[in-house]
Amino acid sequence: MMVKLLVVEDIREKDDLHQNPSWEVVSGFIRRLDGTTVTYMALYKTENENNDEYFLVGGGGEFYICEYVNGGQSHHLLANDDAKSNEMVSLPVKNTSKFPRKYCATYEKVLPSVKYFYEHGGMNPEYKWDSNKRKQ
């Protein structure tokens with residue numbers, strides 16, 4: 001297990017922090033992402049959320065966003081191998097934001113991506129990722 005801290009944003013209460021979460025806890029929160037009250041979660045390899053390497057999952061329902069951040073580089077999970085669409089989709093991640101459709105993945109693709117980070121601490125090499133410099 002690489003994850004030392006799980007932070008879950010629940011708009012009904014303050015952020016929910018979990019030290020050394022089990023996979024059952026992490027996967028349970030992925031299922032709870034509903035885009036209304038539980039809108040995103042972040043996984044950290046340290047016990048400090050002020051870290052420059054983490055994995056974000058947001059959205060819920062039909063689509064999710066997965067982003068792996070490492071040292072100023074942002075890597076978004078691509079929804080499918082030939083995703084080129086720049087069509088924008090509104091997703092509730094903290095606030096409702098617009099994301100390129102190519103980043104809007106299904107639960108079936110998100111779950112193994114999060115599990116890979118949980119177990120190995122990086123991006124799942126079975127999928128394609130779109131990398132760019134992170135906006136501050």
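This is a predicted model: local features need pLDDT of at least 70, side-chain atom pairs count only at pLDDT 80 or more; totals for chains, interfaces and linings use all residues.
Q: Which residues of helix 1 are buried?
A: Helix 1 spans residues 23-32. Burial requires under 20% relative accessible area. The residues of helix 1 that count as buried are Trp23, Val26, Ser27, Gly28, Phe29 and Ile30.

Q: Against which elements do the buried residues of helix 1 pack?
A: The buried residues of helix 1 include Trp23 and Phe29. The packing partners of these buried residues are strand 1 (5-10), strand 2 (16-19), strand 3 (38-44), strand 5 (63-70) and helix 2 (107-120).

Q: How many residues apart in sequence are the parts tied together by Lys102 and Asp130?
A: The side chains of Lys102 and Asp130 form a salt bridge, at 3.5 Å from N to O. Lys102 belongs to the loop between strand 8 (95-100) and helix 2, whereas Asp130 belongs to strand 9 (residues 129-133), so the parts that the pair ties together are separated in sequence by 28 residues.

Q: Which residue forms a salt bridge with Lys115?
A: Residues three or four places apart in an α-helix point the same way, because each turn has 3.6 residues. With the closest N and O atoms 3.9 Å apart, the partner of Lys115 is Glu119.

Methods:
Residues are numbered from 1 along each chain as its sequence is written. Side-chain values use heavy atoms; hydrogens and water are left out. Buried means under 20% relative accessible area, exposed over 50%, partly exposed in between (1.4 Å probe, protein chains only). Helices (H or I, at least four residues) and strands (E, at least two) are DSSP runs, numbered from the N terminus. Contact means heavy atoms within 4.5 Å. A salt bridge is a side-chain nitrogen of Lys or Arg within 4 Å of a carboxyl oxygen of Asp or Glu.
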